Structures are given as C-alpha cells and as structure tokens.
Amino acid sequence: MKYLKLSEIDRQNYTEFQNRDLTELIEVSKKVSVFYPCEVLVKISEYENKQYFEYGVIELKYKDLVFNIKYWDHKKRYDITCCSLHNFKNITNYTISHSLKSFKEPNNIGVLNLKKITEWFDYYVIVYQDLQKIDLDNSSKKDAFLKSIEGLPVEWFGNGQSGEIIKNGVKFSFTIDVTSVSKKLELYYQVPTSVESFIQLSQNNYTKQNN
C-alpha cells in the first residue's frame, strides 16, 4: 500500500475511489482550503492493475511540520493532529502524551477560521520543540553509555539492544531501551559457592574459566 495525492491517481481507475468516505473527505478539504492550503492523500492498495481505496487523510504543512485535519460529524468539530511528533527515535508514545498534556491546548474548532487553525499549529510547534529536546537528551545519554563500554568484552544480545560483561565474578548487564539504558550489577551466578571462589574474588583475580 502507498499514499497518493488525488492528482496522482490514474483517472481510468478513479471510479474505484468513489465511496462515501472519500467524497466526505474531499468536501472537508474544500472547506479547510478556504482558510489554509491542504491536500487529500489517499492510502491505496493495488490488485489486478486497479487501485482500491483504503483510507484518506487531509494533510497540511506549517513550519516544516506535517499535520492532519479531520472533521467529526457526531462531535461537530475539527481535530488537528501533528504527524511529525512521531518522527523521533528516542521517545515513546507515553513521552508524546506527557508533553501534549504539559502545554495548554487551544479551544476546539467548531467553526473554521485561520486564527483557530494556526493556534493549533503553534501549540504543536511548542510540543515538537519540547520533544526535540527530550529526544536529543535521550540520544546523548545512550551515546555516552555506548562510548563508556567501548573496548570492553561485551557479549551482545537482541540485535545489539542488550548485552553483558562478565569479569572477576561480577556481571554487568544492560538493555538499551527507546528512551534510556537500564543497567544491573550482580555477582556472576555461575561462580561456585566455595572458599576458593571467595579468595579469588576478594583478591580481584577471579576469572570465568575457573568455574
């Protein structure tokens, strides 16, 4: 499946897209475009050289950010969301939700006008900048951790997302999450509970092969 602009759809197959959802979407886009430029994008699938409508969105752009606007008939209001908030690699949906709640939302849009639309744009710009700082901070912390274990005998697991270092009867294990690095330090569980192991550990010369 892929997104296409309405202008990019093969007109010979255009009848495949004539359904209630798309018709309503086009009508809403016409109302929005009176106040701000927008474009209908259609998610389609292809089968036997024909294009089939999956769903559509109304896309708007502001200060290099991408937005969607949707009209809810039962609520009688327009909702604007910012797709660009999901572009970061070092934050989670919880991070996004927390940031959204940290700033005051504009009033709901019942009747469209440019001021109301741009108020929502500016709100999301503030949220985006907040998430940008969090993402950079999380990235820097993970980079610093990886730098700190360079040259150490790490045994990696999970496609490089976790690992462990065993030395002198001590195990240091870690997991690199989306937002942070969790770490754990413990005695190596395969160390025999013997006087010999105790002496070696206390003298800091225990090695794994002595098990």
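Reader: Leaving aside neighbours within four places in sequence, which residues is Asn 90 in contact with?

Author: This is a predicted model. In it, Asn 90 is in contact with Asp 135, Asn 138, Ser 139, Lys 142, Val 178 and Thr 179, once neighbours within four places in sequence are set aside. One of these partners, Lys 142, also makes a polar contact of 2.8 Å with Asn 90, side chain to side chain.

Reader: Where is Asn 90 found, and is Asn 90 buried or exposed?

Author: Asn 90 is in the loop between strand E5 (77-82) and helix H2 (93-102). Its relative accessible area is 12%, and a residue counts as buried under 20%, so Asn 90 is buried.

Reader: What do the elements of the chain look like, read from the N terminus on?

Author: The order is β-α-β-β-β-β-α-α-β-β-β-β-α. That comes to 4 helices and 9 strands. The chain has 211 residues, of which 35% count as buried. Among contacts with a separation of 6 or more, 47% are between residues 24 or more positions apart.

Reader: How should I read a salt bridge?

Author: Side chains of opposite charge can pair when their charged atoms come close. By the rule used here, the count is 10 salt bridges. In one of them, the side chains of Lys 5 and Glu 39 meet at 4.0 Å, N to O. Lys 5 belongs to strand E1 (residues 2-5) and Glu 39 to strand E2, so this pair ties together parts 34 residues apart in sequence. Lys 5 is partly exposed at 33% relative accessibility, and Glu 39 is partly exposed at 31%.

Reader: Which residue does Glu 119 form a salt bridge with?

Author: The partner of Glu 119 is Lys 115, with the closest N and O atoms 2.5 Å apart. Both are in helix H3 (residues 114-148), and because they are 4 residues apart, about one helical turn separates them. Glu 119 is partly exposed at 31% relative accessibility, whereas Lys 115 is exposed at 57%.

Helix H3 also holds Asp 137 and Lys 141, again 4 residues apart and separated by about one helical turn. Their side chains meet in a salt bridge of 3.3 Å, N to O. Asp 137 is partly exposed at 37%, and Lys 141 is exposed at 53%.

Reader: How many disulfides does a search of the whole structure find?

Author: The search finds 0 disulfides. For Cys 82, the nearest cysteine sulfur is that of Cys 83, 6.7 Å away. A disulfide needs the two sulfur atoms within 2.5 Å, so Cys 82 is in no disulfide. Cys 82 is buried, at 5% relative accessible area, while Cys 38 is partly exposed, at 21%.

Reader: What does Ser 29 touch, not counting residues up to four places away in sequence?

Author: Ser 29 touches Cys 38, Val 40 and Ile 58. Ser 29 lies in helix H1 (residues 20-33) and is buried, with a relative accessible area of 10%. A polar atom of the Ser 29 side chain is 2.6 Å from the backbone oxygen of Ile 26.

Reader: Which residues make a nonpolar surface patch?

Author: Val 34, Phe 35 and Leu 114 make a patch of about 270 Å². Phe 35 lies in the loop between H1 and strand E2 (39-47), and is partly exposed at 33% relative accessible area.

Definitions and conventions. Residues are numbered from 1 along each chain as its sequence is written. This is a predicted model: local features need pLDDT of at least 70, side-chain atom pairs count only at pLDDT 80 or more; totals for chains, interfaces and linings use all residues. Side-chain values use heavy atoms; hydrogens and water are left out. Buried means under 20% relative accessible area, exposed over 50%, partly exposed in between (1.4 Å probe, protein chains only). Helices (H or I, at least four residues) and strands (E, at least two) are DSSP runs, numbered from the N terminus. Contact means heavy atoms within 4.5 Å. A polar contact is a pair of N or O atoms within 3.5 Å; within protein, one must be able to donate a hydrogen and the other to accept it, and residues adjacent in sequence count only if both atoms are side-chain atoms. Patches are made of residues with over 30% relative accessible area and no salt bridge: like charges are joined within 9 Å, nonpolar side chains (Val, Leu, Ile, Met, Phe, Trp, Tyr) within 5 Å. Accessible areas come from the Shrake-Rupley method with a 1.4 Å probe; for residues, only the protein chains shown count as cover.
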